[in-house]
Amino acid sequence: MAGRGTPATALLAQRKIAHSTHPYDVSPDAPNYGALVAAALGAPPERVFKSLVTEVDGALTVAVVPVTGELDLKALAAACGGKRATMADRVAAERATGYVRGGISPLGQRRRLPTVLDSSALTHQTIYVSAGRRGLQLQLAPTDLVALTGAVTAPLGTA
């Protein structure tokens, strides 16, 4: 698949959104995966974000949070106006997004899911998110990510 685009990169190209792609080689089963990806990219870890598929009151939702922390499920539920949030079943997440675990992008999903971006992203000129394939990240402006996904922003991470 090297050299081939993904639905996420195709969307960015179609909309003429400034971005760059960055390949990396880290085992998806490695402990502290996010920090290793940031190191492989040579990027500050607070600018590298992971996309987590969750359920808020039974509805699949994507939470995009820094790899340096954990997702606060209560904060996510509140940001969505819901009562309870849990991590989604892996199979349901992969089926809804069209991506595999470790390569789920907030962009170009098979079924566009509601998205909540951690507000810390807005403090950076650019951030990194999955390009829709393990071993490939996208770098883009967080405001472009918000515009393309219709995301709301809220503090979601715990240190």
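**Note on the predicted model**

1. Glu94 and Arg90 form a salt bridge, with their closest N and O atoms 3.2 Å apart. A salt bridge here is a side-chain nitrogen of Lys or Arg within 4 Å of a carboxyl oxygen of Asp or Glu. Both residues belong to helix H4, and because they are four residues apart there, about one helical turn separates them. Arg90 counts as partly exposed, at 46% relative accessibility. The cut-offs are under 20% relative accessible area for buried and over 50% for exposed, with partly exposed in between (1.4 Å probe, protein chains only).

2. Some ground rules apply to every point. The model is predicted, so local features need pLDDT of at least 70 and side-chain atom pairs count only at pLDDT 80 or more, while totals for chains, interfaces and linings use all residues. Residues are numbered from 1 along each chain as its sequence is written, and side-chain values use heavy atoms, with hydrogens and water left out. Helices (H or I, at least four residues) and strands (E, at least two) are DSSP runs, numbered from the N terminus.

3. The whole structure has two salt bridges. Besides the pair in point 1, the side chains of Asp29 and Arg101 meet in a salt bridge at 3.3 Å, N to O. Asp29 lies in the loop between strand E1 (20-23) and helix H2 (33-41), and Arg101 in the loop between H4 and strand E6 (115-118), so the pair ties together parts 72 residues apart in sequence. Asp29 is exposed, with a relative accessible area of 60%, whereas Arg101 is partly exposed at 35%.

4. The largest nonpolar core has 27 residues. Such a core is a set of buried Ala, Val, Leu, Ile, Met, Phe, Trp, Tyr and Cys residues joined through side-chain atoms within 4.5 Å. Val53, Leu107, Leu117, Val129 and Leu138 have the most contacts inside this core. Two or more of its residues come from each of helix H1 (7-14), strand E2 (49-56), strand E3 (59-66), helix H4 (90-97), strand E7 (127-133), E8 and helix H5 (142-149). In soluble globular proteins, nonpolar side chains tend to be buried together.

5. Contact means heavy atoms within 4.5 Å.

6. Gln139 sits in strand E8 (residues 136-140) and is buried, with a relative accessible area of 16%. Leaving out residues up to four places away in sequence, Gln139 touches several others, including His19, Arg47, Thr126 and Tyr128. The side chains of Gln139 and Thr126 make a polar contact of 2.8 Å. A polar contact is a pair of N or O atoms within 3.5 Å; within protein, one must be able to donate a hydrogen and the other to accept it, and residues adjacent in sequence count only if both atoms are side-chain atoms.

7. In H5, the buried residues are Pro142, Leu145, Leu148 and Thr149. They cover an arc of only 125 degrees around the axis, which puts them on the same side of H5. The arc is that of the directions from the helix axis to the C-beta atoms. Thr143 and Ala147 are exposed on the other side of H5. The cover over the buried residues of H5 includes H1, E6, E7 and E8. Just after H5 comes Gly150, with a positive phi of about 70 degrees.

8. Helix H2 can be described in the same terms. Gly34, Val37, Ala38 and Leu41 are buried in H2. These buried residues fall within an arc of 100 degrees seen down the axis, so they line one face of the helix. E1, E7 and E8 are among the elements that cover them. Gly42 follows H2 and has a positive phi, near 70 degrees.

9. Strand E6 is covered on both faces: Thr115 and Leu117 on one side, and Val116 and Asp118 on the other, are all buried. In a regular strand the side chains alternate between the two faces of the sheet. E6 pairs with E3 in the parallel sense over three bridges; Thr115 is the bridge partner of Val62. E6 also pairs with strand E9 (residues 152-154) in the parallel sense, over three bridges, and here Asp118 stands opposite Ala154. Two strands pair if DSSP finds at least two bridges between them.
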